[in-house]
Each structure stands twice: as C-alpha cells, then as structure tokens.
Amino acid sequence: YHLASNFSPSIIFYVFLFSYSYLSILLFFFLMIRRPPRSTLSSSSAASDVYKRQLLPYLGEEAAAGAVDVIVLFGDMVYWPDGESENSFMRDVQRLSGNGSVPFHVSPGNGDSGANFSIYRNDFWMPGAAESDSLWHSFDIGPAHIIGISTEVYYYQSEVVQQNQMAWLKADLLAATTPEARAARPWIIVHYHRPGYSTNYAGNVDGDPHARADFEPLMYKYGVDLIFE
C-alpha cells in the first residue's frame with residue numbers, strides 16, 4: 001500500500017494493491033476526503049496475510065466508522081466459475097463497505113465478461129445502468145467527479161456499444177469541465193481496467209492500444225486530473 005497526501009483541497013487517496021487469489025490482482029482505490037486514518041498497517045507481511053488479517057479488517061472498521069466516503073474497483077470482480085468463490089468475494093465486499101453503508105462503484109474487466117457480463121450486471125448496478133448496463137457511469141462526491149468506463153467494450157461488445165460509450169464519455173467530460181462544474185468539483189478522476197501503459201501487459205510492453213488511442217486523447221483534451229487503470 002502507498003499513502004499519497006498533500007492533494008488540494010485536503011484530499012487523501014489510499015491505493016491498495018493485493019492478490020485476492022492466484023487468478024486475480026485487484027487494485028482498490030479509496031477516496032477519503034478531509035479525514036485522517038485512525039490507525040496504520042504493517043508492510044512486513046505476505047500479501048495474503050495483509051489482505052485477510054490486516055487490510056480487510058482495517059478497511060471494514062474504517063468504513064463502519066464513517067472514515068471512507070466511497071470504494072471504487074476497476075475490474076475482475078466476477079472471476080470465478082463457481083458460485084461459492086463469487087459469494088466469498090461478495091461477503092468481503094459487504095465487510096469492506098461497512099455492510100453497505102459506503103457507496104461501492106465499479107468498472108468492468110475481462111474477468112467480468114462471462115455470459116455477456118450478466119453476472120457482473122446483476123451484482124453491480126451503477127448509476128445509469130438502464131442505459132449502460134453498468135459498463136460506464138459517473139458520479140460526484142465532494143470536490144471530485146469520478147468516471148468509470150470500460151476497456152472491455154473493444155473486446156466483448158459490438159461497435160454500436162463502443163460508439164455509445166464514447167459518445168457518453170465525451171458528453172460527460174464536456175459537462176464536467178464547464179466553469180461552474182470545475183469550480184464545484186475541481187478533480188476529474190477516471191478509472192478503467194486495462195492499462196494504457198505497462199512494462200508487461202499480456203506480452204505487449206506498450207499496454208492496451210484502445211486505452212491509449214481512444215481514451216487518452218480525451219483525457220488530455222478535457223484536463224482529466226487522475227486516471228486509475
């Protein structure tokens with residue numbers, strides 16, 4: 001884990017990277033606004049021990065205490081072919097979110113693509129899901145506008161879906177960058193699954209081509225402040 005502070009205005013981001021199972025490595029992004037952590041974690045243990053014995057209880061306590069504003073995951077929440085493993089993960093989600101007291105937002109990964117994302121869509125109902133099937137969405141919290149989009153539309157969805165997402169993203173970014181919107185929410189944060197840049201991405205050292213060719217120009221054009229991928 002890593003703590004990055006001194007973000008204006010008084011925002012602290014906690015980023016946790018851990019291996020939930022041999023099948024997946026999930027990146028948890030917690031946006032915490034104007035509240036310091038109540039305790040610290042040890043970095044000396046193995047990843048599995050950190051998750052089960054330290055990270056999960058710690059974050060559950062933080063969420064229950066009202067210290068976490070929102071939890072965002074970007075992909076591979078539905079990775080397992082058997083229902084019990086999925087149920088185990090969802091029980092962890094319940095604990096992480098303080099039994100549902102903390103908003104839980106997601107964007108899909110390739111591990112969520114089974115049966116045309118049907119399990120993903122049933123488990124996670126994002127804002128605007130009736131139009132987007134929860135493949136993309138955005139929401140406002142404090143001084144931040146947070147956007148979740150799908151790299152997976154380029155691998156599992158039709159060209160129409162790809163075009164719909166891009167049209168929605170352009171409209172959302174345009175609305176988020178008006179002077180009034182920027183004054184109210186100066187941070188624009190985007191998350192999606194496949195990295196645009198990576199030293200080892202499925203044998204491709206350049207990362208995902210769609211993240212670079214389709215998303216990156218818009219990120220620069222509209223002045224997105226932070227991207228999690």
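## Rings and cores: exercises

Phe 117 and Tyr 120 are both buried. The model is predicted.

**Exercise 1.** Classify the ring pair formed by Phe 117 and Tyr 120.

*Solution.* 
- Step 1: Count the pairs. Rings pair if their centres lie within 6.5 Å. By this rule there are seven aromatic pairs.
- Step 2: Check the distance and the angle. The ring centres of Phe 117 and Tyr 120 are 6.3 Å apart, and the planes stand at 75 degrees, so this pair is edge-to-face. The cut-off used here is over 60 degrees.

**Exercise 2.** Which residues do ring pairs link into a cluster with Phe 117 and Tyr 120?

*Solution.* 
- Step 1: Start from Phe 117 and Tyr 120 and follow the ring pairs.

**Exercise 3.** Over which rings do the charged ends of Arg 194 and Arg 212 sit?

*Solution.* 
- Step 1: Take Arg 194. Its charged end sits over the ring of Tyr 155, 3.8 Å from the centre.
- Step 2: Take Arg 212. Its charged end sits over the ring of Tyr 197, 6.0 Å from the centre.

**Exercise 4.** Which residues touch the most other members of the largest nonpolar core?

*Solution.* 
- Step 1: Note that this core has 40 residues.
- Step 2: Pick out Leu 169, Leu 173 and Phe 215, which touch the most other members.
- Step 3: Look around Phe 215. Leaving aside neighbours within four places in sequence, its contacts include Ile 149, Tyr 154, Leu 169 and His 210.
- Step 4: Turn to the second, separate core. Its ten residues include Val 70, Ile 141, Trp 187 and Phe 228.

Terms used:
Residues numbered from 1 in each chain as written. Predicted model: local features only at pLDDT ≥ 70, side-chain atom pairs only at ≥ 80, totals over all residues. Heavy atoms only, no water. Phe/Tyr/Trp six-rings, centres within 6.5 Å; stacked < 30°, edge-to-face > 60°. Buried < 20%, exposed > 50% of the residue type's maximum accessible area, 1.4 Å probe, protein only. Lys NZ or Arg CZ within 6 Å of the ring centre and 35° of its normal. Core = buried A, V, L, I, M, F, W, Y, C linked by side-chain atoms within 4.5 Å. Contact = heavy atoms within 4.5 Å.
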